[in-house]
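Hi,

Here is the structure I promised to pass on. Have a look first, and then read on for what turned up.

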Amino acid sequence: MKSLALVVSALALFSAAGLAIAQPAEKGQERRQERSRQSSAPTQEFPKSLPVPAETAKKGTVYYCITAKERQITLHSDAPVEQIDGYSINVVGYAVAGPKDSPAKLQAGEWHLPVASIDTGNRMRNKHLTEAGWLDAAKFPNIIFKLSEVKDIGEAKTDETTGATSYECTLVGDMTLHGITKQMTIPGAKIAFRKGDETTAREAAGDLMLVSCKFKIKLSDFGVSNKVVGQKVAEDIELTTKLVHTTVEPSKGEEKPKDAAKPDEKKDEKKPVQSGS
Amino acid sequence: MRMFARLFVLVLVAGILVPTFMLWDATGRKGFTALPNPNFEQMQKSDGSLSGLFGEEAAPAQAPIDNSFRFGLLPAGVGPEAMSVAMVGGPAILLGLMAFCRGKKVCPKKG
């Protein structure tokens, strides 16, 4: 009899827990959407552009990274316990195209990925990622890649359907993560150019450039090591990036550094890049 | 009567555990519960809108975003994400243990 009483009380407990978790249809849906938005890290505002230093802007045509439009980066962790994917649409940056005869030989480039913008689809995990034991977003808010050289540029390939011209190449630059900077060489990267036309104008104004690559980073190389790394989170994180840039400067309103190029000065330098198409 | 009650508890526990693990298995055997995320849905919709302008060859393929419901082994937070094998099956197992261990001597009496 006592066992039956135990069962009944346990069932009551289950029902109470169920009621607490479930919510009335409309309110529940609103709350769920709100909660999901919160779970997806970007509750805070992220920069819309990265100021281009005047000296850098003089080197050639500046392409500004188009942010908050489509998925720009995927971080993939394949650990024994589970696979985790994180995404961000908040990468900002710029690239300066090379000379007309070799536009893929970028003269400069810098991209910032706000750590807090990485969404793994799990609110707790997103929070942990920004904490001190992990990427420590309070101290090191951005993962930065500063391009120093583009080498091993392959032959231009023109896509017949889009008219875009792409080049396979190797990117060399400095990656700063968790406050530690390491030089990285990324083979198999692709840089593509497409002149602005009616089709592209529907998505973004100006001439476009795509920088895409796939590479791995070792967390311990950047001082990120704890007991979870290697078990729940892989030691090597694979990053896949697709960064689309435009020659049109993002909307104003961002604070610019003192040495940032004035729009008027840059107008003369903004010549369309030879896309080879 | 006691036998009947225990059998009832056993059926109840199995009735909770079996569907729980079946749901976990059917939704991908993931570690943590995941609910469809509106931001991921937005990303899925806009994926390739810009990079697609350069053609297929211009960029490495990104893994598709998994935005499906996953009933995980562990809760992923407070609220609906708390529903998981541990949260549903845990109390059931506890209930079973309590029902079966009641009245049994855990330690032999001294002397």
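How close do the axes of α1(B) and α3(B) come, and at what angle do they cross? They come within 9 Å and cross at roughly 160 degrees. Axes here are lines fitted to C-alpha atoms, for helices over the stretch in contact, and angles run from 0 to 180 degrees between N-to-C directions. The two helices, α1(B) and α3(B), are therefore roughly antiparallel to each other (angles under 35 degrees count as roughly parallel, over 145 as roughly antiparallel, 65 to 115 as roughly perpendicular and the rest as oblique).

Before going further, a word on ground rules: this is a predicted model, where local features need pLDDT of at least 70 and side-chain atom pairs count only at pLDDT 80 or more, while totals for chains, interfaces and linings use all residues. Residues are numbered from 1 along each chain as its sequence is written, and chains are lettered from A and ligands numbered from 1 in the order in which they are written. Helices (H or I, at least four residues) and strands (E, at least two) are DSSP runs, numbered from the N terminus.

Back to the helix pair. α1(B) passes α3(B) in a left-handed crossing, meaning that the near helix is turned anticlockwise from the far one by less than a right angle (right-handed if clockwise). Among the residues making the contact are B:Leu10, B:Ile16 and B:Trp24 of α1(B), and B:Val88, B:Ala92 and B:Phe100 of α3(B). By class, this contact has 14 nonpolar, three polar and one charged residues. For the classes, Ala, Val, Leu, Ile, Met, Phe, Trp, Tyr, Cys and Pro count as nonpolar, Asp, Glu, Lys and Arg as charged, and the others, Gly among them, as polar.

Now for the two chains together. 44 residues of chain B are in contact with 51 residues of chain A (contact: C-beta atoms, placed from the backbone, within 7 Å). The elements giving two or more residues to chain B's side are α1 (2-26), α2 (38-46) and α3 (85-101). The largest share, six residues, comes from α1(B). That side of chain B has 27 nonpolar, eleven polar and six charged residues.

Chain A has six helices and eleven strands. Of its 277 residues, 40% count as buried (20 or more other C-beta atoms within 10 Å of a residue's own; exposed is 12 or fewer, partly exposed in between, with C-beta atoms placed from the backbone).

The strands around β8(A) are worth a look. Two strands pair if DSSP finds at least two bridges between them. Twelve bridges join β8(A) to β9(A), which run antiparallel, and A:Tyr167 stands opposite A:Ile191 in β9(A). Strand β6 (residues 142-151) of chain A also pairs with β8(A) in the antiparallel sense, over seven bridges, with A:Phe145 opposite A:Met175.

The hairpin of β8(A) and β9(A) has two residues between the strands, and A:His178 takes a positive phi near 55 degrees there. With 18 C-beta neighbours inside 10 Å, A:His178 counts as partly exposed. In chain B, B:Arg29 has a positive phi of about 50 degrees although it is not a glycine, and B:Arg29 lies in the loop between α1 and α2.

Elsewhere in chain A, β2 (residues 73-78) and β3 (residues 83-88) pair antiparallel over six bridges, and a hairpin joins β2(A) to β3(A) through four residues.

Cheers

How values were computed
Contact = placed C-beta atoms within 7 Å.
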